[in-house]
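This report walks through selected geometric features of one protein chain.

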Amino acid sequence: MISMFLARRLSLAVLGLGSLAATIAAGPPTTPPTTPPQKGVGINIANIDPSVKPCEDFFHYASGNWLKNNPVPAAESRWGSFNELADHNNATLRAILNDAAKNAAKAPKGSNAQKVGDFYASAMDSAAIEAAGLKYLQPHLNRIAAIKDLSEMQQFLADPKAHAGSVWYGSGVGQDDKISTQYAVQLGQGGLSLPDRDYYLKEDARSKAIRTAYDAYLVNTFKLLGDDEAVAKANAATVQRIETRLAKASKSRVDLRDPYANYNKMTLAQADAAYPNLTLPLALKENGLAAAKEVIVGQPEFMKEVNTMLKEEPLADQKQYLRFHLVNSVTPALPKAFGDESFKLTQVQTGAKKQQPRWKRMLGSTDRALGEAFGQLYVDKAFSAVSKARVKQMIENLRVAYAERIKATDWMSAGTKAEALKKLNAFTVKIGYPDKWKDYSSLNISRESYLNNLFAAQEWANKEEVNHFGKPIDRNEWVMTPPTVNAYYNPPMNEIVFPAGILQPPFYDPKADDAVNYGGVGAVIGHEMTHGFDDQGRQYNAEGNLKDWWTKEDADKFNAKADIVGKQFDAFMPLDSVHVNGKLTMGENLADLGGLTIAYQAFEKTPQAKAQAKIEGFTPEQRFFLAYAQIWRTNARPEYLRQQVQTDPHSPAQFRTNGPLMNMPEFYKAFGCQDGNKMMRAQADRSKIW
């Protein structure tokens with residue numbers, strides 16, 4: 001029953017993965033630089049396309065030559081600085097894993113080195129996986145086949161060792177949004193295999209094409225399990241029918257952004273009465289949560305439909321649904337033919353031309369299963385104590401700048417400002433890696449079977465999550481592993497977190513000038529800080545509780561300002577007739593605008609900004625904005641863009657670049673933009689929040 005709850009938290013806000021004289025309006029200056037270039041990555045001048053005017057399209061000006069010279073690799077659906085940095089980190093991680101796999105036998109049994117080495121070795125042993133066939137999966141398939149009635153189905157679903165994949169709904173243990181000092185059992189919608197409910201429901205050509213590809217994947221997967229053509233087609237239709245029914249009961253991604261609507265606490269007795277077919281008391285008991293007396297239900301209507309389905313849907317159909325989800329959850333651990341069929345569906349969804357190499361996929365699998373075990377080795381190689389200290393100082397500089405912006409707002413009342421400052425000062429900051437590493441001592445890993453290792457890691461992770469219940473909040477816990485090229489804000493923790501993986505060039509370079517680092521990682525830091533005050537994060541107070549601390553007048557003014565940003569992004573079109581969803585992307589767009597604004601204010605306090613010396617012909621302010629734009633350099637396939645717009649709360653990269661800048665007079669001044677330039681919005685159409 002218990003699983004890693006909906007990517008750990010529905011409310012987790014991640015990055016994403018994101019002056020010259022007025023007469024100079026286009027291209028890099030031709031005058032020689034007045035100071036020598038800084039060492040380090042800094043700004044890559046070769047990326048700039050001087051044929052594009054910065055005040056017309058800054059995204060293509062800052063990175064146009066890079067975009068021309070870096071097409072999306074065949075195995076990728078998009079390619080940008082995030083991918084380049086991830087590849088750089090992966091080279092370090094791959095060397096660590098290869099060494100661990102080679103020397104696992106020499107490592108003490110039960111040590112992290114032995115577990116990491118054996119996990120990765122078993123994952124890379126494709127010959128052994130082919131030879132095993134369905135040997136290790138068959139007992140789990142047999143268990144599903146043996147279910148005879150609803151009671152046995154309920155017992156199966158309650159078993160933490162059932163390994164049926166993500167079926168029916170999501171569940172887990174996480175912080176109570178309204179009592180952030182406590183853990184709570186949480187339930188929410190789930191059970192779908194396609195990325196979004198709308199893929200099942202919409203009748204446009206692309207949605208139909210994806211459903212057709214999904215049907216082919218289902219049919220061929222059932223055939224690989226031994227079904228004949230007719231049976232495989234029937235079973236595929238069953239899975240599509242069940243998932244479509246779940247999709248119809250699911251809330252949209254926009255609706256899921258309302259934390260109050262998704263917080264419905266009830267006693268266990270009430271939940272059991274409302275959803276008797278879920279047998280929640282049994283499920284909680286089997287998962288070591290018998291002491292739980294309450295549950296928080298994210299989407300009551302969805303849970304009501306699941307309750308009905310468990311009673312109404314023919315048992316034979318439910319078993320085919322479980323059978324497929326089991327296989328789909330462990331495809332990489334099965335013979336190559338299963339993965340080939342899965343990738344055909346991925347191709348239709350993302351446009352990728354070929355599968356990523358196995359080492360890269362299995363590196364990701366190892367990171368998910370044992371990320372902190374070998375993440376320790378990564379930070380030893382890639383992240384110094386000096387870098388950690390410098391990033392910490394940057395964060396504090398941005399905190400000061402944010403406080404100044406809050407105090408200077410002309411639309412917030414004194415009481416709301418005081419609460420905002422209280423929350424800002426209460427931010428917990430995590431940099432690089434955990435102070436306390438996870439203990440994997442109870443996880444048993446061997447070289448016998450990658451599939452068994454996956455199941456063992458799932459059980460370990462689920463048990464670790466369940467064991468939180470009834471204990472004090474673990475404020476040392478990280479949601480991301482150290483090598484991750486990303487960052488996040490966690491509202492109930494009121495924390496901003498920056499893994500070592502993103503604290504590398506081009507985001508952060510200890511050898512680069514302040515303009516580069518403030519435009520890069522400074523904007524990332526400001527982005528995560530602003531998530532504490534975006535349309536979702538602002539609803540949590542300094543203690544991390546979902547509690548309204550705004551006056552109605554202030555909230556109305558904030559919403560009006562946010563709506564301007566929403567309308568701006570609604571108008572952006574990455575592809576013909578494909579518009580960005582301003583409501584879905586609201587939080588990330590606000591975080592980009594706020595983050596860049598705060599980073600700029602902090603940068604202006606640096607000696608470099610005050611000295612106004614040029615580097616490579618650019619003023620400090622120009623380098624700041626170029627650094628920001630160049631971290632978002634990205635090429636993306638049209639299939640990926642269509643999926644991103646439908647499912648991702650982050651806007652496409654070109655709009656994450658141009659969108660915030662179009663609201664910033666500081667950018668206009670830096671590049672001498674004039675009325676009529678495309679990057680310069682009319683005063684009435686701009687949004688200024690902080």
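## A buried ring pair

Tyr-489 is buried, with a relative accessible area of 0%; buried means under 20%, exposed over 50% and partly exposed in between, with a 1.4 Å probe and protein chains only. The model is predicted, so local features need pLDDT of at least 70 and side-chain atom pairs pLDDT 80 or more, while totals for chains, interfaces and linings use all residues. Residues are numbered from 1 along each chain as its sequence is written, and side-chain values use heavy atoms, without hydrogens and water.

The structure holds 35 aromatic pairs. Rings of Phe, Tyr and Trp (its six-membered ring) pair if their centres lie within 6.5 Å; planes under 30 degrees apart are stacked, over 60 edge-to-face, and the rest tilted. Phe-427 and Tyr-489 make an edge-to-face pair, at 5.8 Å centre to centre and 70 degrees between the planes. This pair links distant parts of the chain, 62 residues apart. Phe-427 sits in the loop between helix H17 (414–426) and E7, and Tyr-489 in strand E8 (residues 488–490). Helices (H or I, at least four residues) and strands (E, at least two) are DSSP runs numbered from the N terminus. Phe-427 is buried too, with a relative accessible area of 5%.

Ring pairs also build a cluster. Its members are Phe-58, Tyr-61, Tyr-518, Tyr-600, Phe-603, Phe-624, Phe-625, Phe-667 and Phe-671.

## The sheet around E8

E8 belongs to an open sheet of 4 strands, in the order E1-E8-E9-E7 with mixed pairing. Strand E1 (13–14) and strand E7 (428–432) stand at the edges. Each has a single partner strand, so one side of each is left without a neighbour in the sheet. Two strands pair if DSSP finds at least two bridges between them.

E7 pairs with strand E9 (residues 495–499) in the parallel sense, over 5 bridges. Gly-432 stands opposite Pro-499 in E9.

Pro-482 lies in the loop between H18 and E8. Is Pro-482 buried or exposed? At 1% relative accessibility, Pro-482 counts as buried. Contact here means heavy atoms within 4.5 Å. Leaving out residues up to four places away in sequence, Pro-482 touches Gly-432 and Pro-499, among others. Its contacts also include Gly-371, Glu-372, Tyr-378, Tyr-433 and Trp-437.

Strand E3 (residues 169–176) runs antiparallel to E4, joined by 8 bridges. A hairpin of 2 residues connects E3 to E4. Gly-174 has Ala-184 in E4 as its bridge partner. E4 is mostly covered, with 8 of its 11 residues buried.

Strand E4 (residues 179–189) and strand E6 (residues 294–297) run parallel, joined by 3 bridges. Here Val-185 has Val-295 in E6 as its bridge partner. Strand E5 (residues 264–267) runs antiparallel to E6, with 4 bridges. Thr-267 is partnered by Glu-294 in E6.

## The second largest pocket

How much space lies in the second largest pocket? The volume is about 470 Å³. On a 1 Å grid over the protein atoms alone, a pocket is an open set of points where a 1.4 Å probe fits, with protein on both sides within 12 Å along at least five of seven lines; lining residues have an atom within 4 Å of a point. Points are joined across faces, edges and corners, and the volume is the space filled by probe spheres set on them.

Of the 19 lining residues, the closest to the centre are Lys-438, Asp-439, Glu-464, His-468 and Asp-474. The lining divides into 5 nonpolar, 5 polar and 9 charged residues. Ala, Val, Leu, Ile, Met, Phe, Trp, Tyr, Cys and Pro count as nonpolar, Asp, Glu, Lys and Arg as charged, and the others, Gly among them, as polar. Helix H18 (residues 450–466) gives the most to this lining, with 3 residues.

## Backbone exceptions

Most residues other than glycine have a negative phi, and most peptide bonds are trans. His-163 has a positive phi, near 55 degrees. His-163 is in the loop between helix H6 (150–158) and E3, and is buried at 8% relative accessible area. Gln-612 also has a positive phi, near 60 degrees. Gln-612 lies between helix H22 (607–611) and helix H23 (620–631), and is partly exposed at 36%.

A cis peptide bond joins Pro-505 and Pro-506, with omega about 10 degrees. Pro-506 lies in the loop between E9 and helix H19 (514–531).
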